[in-house]
Amino acid sequence: MTDARHPDTALTGYVTDALAPAERAQVAAHLDDCVDCRRAVEEGRAVLTALAGHVPAPPELDWGRYRADLRARVQAAPRRAWWARPVPAMVAAGVATAALVLAIHGLDRRPTELAAVEETMLGARLPLLQQYRVVERLDLFEDLDAIRQLDRLGNGGG
Amino acid sequence: MGWWTGSALTQEISDEALCQRVAARDEAAFDLLVGRYQGRAYRLAWSLLRDAEDARDVSQEAFLRVYRTAGSFRGDAKFSTWFYRILVNLCLDHQRRGSWWRRLLVRDDGAGDPEDAVLERQPAPVVDPGDTVGRAQVMTKLWAAVDRLSPQQRAAILLHVQEELPTSQIAAVLRCSEATVRVHLHRAVGVLRKTVRRD
């Protein structure tokens with residue numbers, strides 16, 4: 001049973017030399033008066049010293065083979081996929097910013113040249129479009145086949 | 001630079017500097033680090049796992065981790081602390097994964113007493129001309145008792161008596177406070193003292 005008057009875990013700290021000077025002095029003072037703790041310290045020290053002096057050796061190893069195998073494992077280690085490789089922070093930040101700008105401003109705006117071509121084509125077809133009654137509501141058409149049919153009609157296909 | 005090629009690297013370069021070079025994929029630096037730590041790594045892994053093949057495999061895995069993640073070594077701790085942390089974690093993980101079938105094997109073998117199985121895995125005691133047979137037997141029992149400690153207590157004891165790490169470094173390896181390490185060591189020493197007294 002642990003007695004509150006005994007340093008308890010500090011005894012092992014005393015043996016392993018892990019105590020701050022003040023605590024070490026307290027434990028030392030206690031040991032002067034406590035036979036039980038003195039014995040615990042002596043036994044603890046004896047156990048640790050015995051273990052340190054008689055560490056079992058592992059079975060012998062062929063170090064040449066060990067390192068050859070390690071070399072093979074290092075060379076066989078799968079390289080990271082390009083998307084998983086660390087990217088320098090500035091490059092990553094630049095790419096992220098560019099993507100953000102594109103998402104906000106780029107995707108809903110077509111290139112100027114493309115818009116101009118489209119306007120020219122629409123202009124050329126304006127007389128044709130004016131013949132359609134439905135053209136005002138063309139945006140309601142979701143059926144692409146119906147729109148293509150209208151286009152064929154406009155080209156004299158029907 | 002490739003493996004085993006001549007290199008300007010010398011023994012004077014610190015482990016931490018070598019690790020930085022490994023991060024830049026300097027294989028000669030990696031080679032030198034392996035040379036410095038392979039014996040300790042294998043020995044500590046074997047002490048924790050008590051199986052030569054597992055110790056070989058796990059210690060190699062620790063070096064592989066160093067090679068892959070050297071860039072994440074920040075240098076605010078010693079390389080040895082960082083390396084021991086990788087190694088001990090791998091050993092503890094390995095034990096957790098393998099423990100269930102190991103217990104099964106012990107039962108299937110009819111060994112019955114787990115202590116016998118532990119003792120069978122022990123190497124012959126270190127022969128010291130000054131020792132008596134009785135002392136050798138005590139040491140064998142003592143190490144068997146070390147093997148029965150909890151993983152954290154065993155790691156703390158081994159890092160202390162075998163690797164001679166101070167409590168502060170053991171705490172860094174095990175990612176716990178120094179007070180916790182002291183408790184681990186205290187409890188472990190308590191168990192070991194009882195083992196010796198019973199003998």
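Modeller: Some ground rules: residues are numbered from 1 along each chain as its sequence is written, and chains are lettered from A and ligands numbered from 1 in the order in which they are written. Since the model is predicted, local features need pLDDT of at least 70 and side-chain atom pairs count only at pLDDT 80 or more, while totals for chains, interfaces and linings use all residues.

Colleague: How do you know what confidence chain B has?

Modeller: From pLDDT, the predictor's confidence in each residue, from 0 to 100. Chain B averages 83, and 76% of the residues score at least 70. Over residues 1–6 of chain B, though, the value is below 50, and that stretch has 10 contacts in the model beyond near neighbours in sequence. Residues 106–127 of chain B also stay under 50, with 23 contacts beyond four places in sequence. Where pLDDT is low, the predicted coordinates should not be read in detail. The model as a whole scores ipTM 0.77 and pTM 0.67.

Colleague: What makes a stretch of chain B count as a helix, and how many are there?

Modeller: Helices are DSSP runs (H or I, at least four residues) and strands are too (E, at least two), numbered from the N terminus. On that basis chain B has nine helices and zero strands.

Colleague: Why is helix 1 of chain B called oblique to helix 2 of chain B?

Modeller: Axes are lines fitted to C-alpha atoms, for helices over the stretch in contact, and angles run from 0 to 180 degrees between N-to-C directions. The axes of helix 1 (residues 15–23) and helix 2 of chain B come within 8 Å and cross at roughly 140°. Angles under 35 degrees count as roughly parallel, over 145 as roughly antiparallel, 65 to 115 as roughly perpendicular and the rest as oblique. So helix 1 of chain B is oblique to helix 2 of chain B.

Colleague: Which residues meet there, in helix 1 and helix 2 of chain B?

Modeller: B:D15, B:L18, B:C19, B:R21 and B:V22 of helix 1 meet B:A29, B:F30, B:L32, B:L33 and B:R36 of helix 2. Two residues are in contact if their C-beta atoms, placed from the backbone, lie within 7 Å. By class, this contact has seven nonpolar, no polar and three charged residues. (Ala, Val, Leu, Ile, Met, Phe, Trp, Tyr, Cys and Pro count as nonpolar, Asp, Glu, Lys and Arg as charged, and the others, Gly among them, as polar.)

Colleague: What angle do helix 2 and helix 3 of chain B pack at, and what is it called?

Modeller: Helix 2 (residues 27–49) and helix 3 (residues 52–69) of chain B pack at about 140°, with their axes 8 Å apart. That makes helix 2 of chain B oblique to helix 3 of chain B. Among the residues making the contact are B:F30 and B:W46 of helix 2 and B:F63 and B:Y67 of helix 3. This contact has 15 nonpolar, one polar and two charged residues.

Colleague: How do you know whether B:D31 is buried or exposed?

Modeller: A residue is buried if 20 or more other C-beta atoms lie within 10 Å of its own, exposed if 12 or fewer, and partly exposed in between, with C-beta atoms placed from the backbone. B:D31, which lies in helix 2 of chain B, has 22 C-beta neighbours inside 10 Å, so B:D31 counts as buried. Buried residues make up 35% of the 199 residues in chain B.

Colleague: What makes helix 8 of chain B mostly covered?

Modeller: In helix 8 (residues 167–174) of chain B, seven of the eight residues are buried, including B:I170 and B:L174.

Colleague: And B:R175, buried or exposed?

Modeller: B:R175 sits in the loop between helix 8 and helix 9 (178–198) of chain B. With 10 C-beta neighbours inside 10 Å, B:R175 counts as exposed. Its phi is positive, about 55°, although B:R175 is not a glycine. Most residues other than glycine have a negative phi.

Colleague: Why is B:R25 called exposed?

Modeller: B:R25 has 12 C-beta neighbours inside 10 Å, and therefore counts as exposed. B:R25 is in the loop between helix 1 and helix 2 of chain B, and its phi is positive too, near 65°.

Colleague: How many residues of chain A are in contact with chain B?

Modeller: 28 residues of chain A are in contact with 34 residues of chain B. Helix 4 of chain A gives the largest share of chain A's side, eight residues.
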